[in-house]
Amino acid sequence: MIIVGLNAFHGDAAACLVRDGILVAAAEEERFCRIKHWAGFPSQAMLYCLKEAGIGLADVDHIAVNSDPRANRFQRLAYVALHRPDLRLVLDRLKNHRKRSSLNHELAVAFPNERFKGRIHRVEHHLAHLASAFLPSPFEEAAIVSIDGFGDFSSAAWGVGRHNDMTIDRRVLFPHSLGVFYQALTQYLGFPHYGDEYKVMGLAPYGRPTYLEAMRRIVRLEADGGFALDLTYFRHHRENISYQWNGGSPCVGTLYSAALENLLGRPRASNQPLTARHHDIASSAQAMYEEAFFNVLNCVWNKHRLPRVAISGGCAMNSVANGRIRHATPIRQVYVQAAAGDAGGAIGAALMLWHRHGGTRNFVMNDAYWGPRADLCEIDHLLNSNAESLKRLHCTVRRFADNADLYRTTAAAIARGEVIGWFAGRMEWGPRALGNRSIICDPRRHDAKQILNAKIKRRESFRPFAPSVLAEEASAWFEDDDDVPFMTQVVQVKPTKRPLIPAVTHVDGSGRLQTVRQEANPHYHALISAFFQLTGVPMVLNTSFNENEPIVCTPREALDCFLRTNMDVLVLETMMIEREGSENERSLELDEVQQ
Ligand SMILES: [Fe+2]
């Protein structure tokens, strides 16, 4: 049975393909259309999934979508009758629902010469989230939790997953939402773009939670794990906030009201400097989120006493909170799949459908490599057709017949302080580069952040960089020994090790690590092992292969990024492209950076 799963008309539109219950391919549309967090119908991602499976649209039995406009219908009607929100808000939402309902039209446009003969199924948004967390997890039985902004009139749901079944104990409905709380505070702190919440998470450790009492006035916790917003501080429930979910980057209007400004003071404009007050507000927002999150988890624990949890929804990307679960609750094991946000709902919807049709559970997501790959012919052709420009830019091209030699040579370049673009195998599913579309650097360098920011990233200086560490060595360097293959938990670096890896140790001594297992990614594991052998440090600094754009997908995009930035080395599978430059020139550049 072939099932295509879709996340459509939400942020991070995505498609996946499941064959007899086993994931074959998955990718976000943004990687193809090159617009971050693209929302709309994921036609290119779907096309890729079919190509990867070697089939056409006519071979697909079912399409499962992670949204059901009919879900929570009575609650919606009751809300409108009781609260009489702005008529434009109601009409806007209805228009959006109609758009989501009309997939046949989108399919006809995306596949003009093919016909879909199967059925389209709707899976309620949070059910798809919960399925995306639990069904690909290694757990037979676990607590399941989904928390996000909104989807199908809900903002959170939790309960229990057992074998193929999931039972929901509790939901939180519109207009109450932890995702909206965090997003509103993110906007207030001067980060207006969709998906900027991780910046507040990165900023939080610089401050103290001195505004926590104020935050507790905004979010009220309930004894059964639920939560409610004090709506005085928000606009989304009564005004027609501008939402853009189709044909571009998602766009959300201002969510907070003037009352929030009265409570916390003047909001920060995006071009204003960050002060200690902003750090403290970020710290307090993070602390409030964690209180509410742990309240949910502890309530689920009290009810079911399950030592494992599978988490999803946009808030599951809060890797700092995820990393503290084992300290703040009795829960011992945490699973957050690679695309825990809305993109992941595509997989949730597809697997949910497989189980509805009586399929057995026969898939565990142990790695994130579900995207397109490039073959050597394509890379050869690319380098040949760019030979002249590479020569003009003083780049040399080397082909490695022996992989061990490639690992040693690359590891030596990393240890010399060079910045490496590392392109290998299938592209990652989810927002993190995990060693196949990564930029790699030496974690031991105090100046690595400045080098990366000067040469490529130009991102805010407060944001930390993350380490990819050999799984078998992680416990010697980090306080927790949980497996974190998808970089979804932040844990403490052991105090004695912090001075050895300053580039990946955040201001509070934490690191958002990726544990790399040999069986999950032998190529990347071998590279880190070569660096370990050379330096005694079993990890590299890993950041996404991009420059203010979605992560690169093709070798062409990787080469373009290499050429327009000051990256030193590009590895495309077994080909190495090096930018020539004397050590003198490099140290001059570094001097400039350090000034
Ligand atoms: Fe969602």
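Domain bounds, as used here, come from an automatic or database domain assignment. On that basis the protein, examined as a predicted model, is divided into domain 1 (2-128), domain 2 (138-338) and domain 3 (376-594). The C-alpha centres of domain 1 and domain 2 are separated by 24 Å, and the contact between these two domains draws on 33 residues of domain 1 and 30 residues of domain 2. Between them, domain 1 and domain 2 bury about 2,400 Å², of which 53% falls on carbon and sulfur atoms.

The second largest pocket has a volume of about 390 Å³, and of the 26 residues that line this pocket, Tyr-335, Asn-366, Asp-483, Val-484 and Pro-485 are the closest to its centre. Because domain 2 (138-338) and domain 3 (376-594) both contribute residues to the lining, the second largest pocket lies between these two domains. Among the secondary-structure elements, β14 (333-335) and β21 (514-516) each supply at least two residues of the lining. By residue class, the lining of the second largest pocket comprises 14 nonpolar, 7 polar and 5 charged residues.

Within the bounds given for domain 2 (138-338), attention may be drawn to Leu-260, which lies in helix α10 (residues 258-264). The relative accessible area of Leu-260 is 1%, and this residue is therefore classed as buried, the cut-off for that class being under 20%. When residues up to four places away in sequence are not counted, Leu-260 touches Tyr-188, Ile-218, Tyr-233 and Gly-265. Ala-39, by contrast, stands 221 residues from Leu-260 in sequence, with a C-alpha to C-alpha separation of 29 Å in space.

Several features of the backbone were also noted. A cis peptide bond, with omega about 5°, joins Phe-174 and Pro-175, and Pro-175 is located in the loop between β8 (165-173) and α7 (178-188). Arg-305, although not a glycine, has a positive phi of about 55°; the residue is placed in the loop that runs between α11 (276-304) and β13 (308-312). A positive phi, here of about 50°, is likewise found at Asn-548, which is not a glycine and which lies in the loop between β22 (539-544) and α21 (555-564). With regard to solvent accessibility, the threshold for an exposed residue is over 50%, so Arg-305, at 51% relative accessibility, counts as exposed, and Asn-548 counts as exposed at 60%.

Technical notes. Residues numbered from 1 in each chain as written. Predicted model: local features only at pLDDT ≥ 70, side-chain atom pairs only at ≥ 80, totals over all residues. Heavy atoms only, no water. 1 Å grid on protein atoms, 1.4 Å probe; cavity = no way out; pocket = protein on both sides within 12 Å on 5 of 7 lines; lining within 4 Å. Points joined across faces, edges and corners; volume = space filled by probe spheres on them. Helix = DSSP H or I, 4+ residues; strand = E, 2+ residues; numbered from the N terminus. Nonpolar A, V, L, I, M, F, W, Y, C, P; charged D, E, K, R; others polar. Buried < 20%, exposed > 50% of the residue type's maximum accessible area, 1.4 Å probe, protein only. Contact = heavy atoms within 4.5 Å. Buried area = accessible area lost by both parts, 1.4 Å probe.
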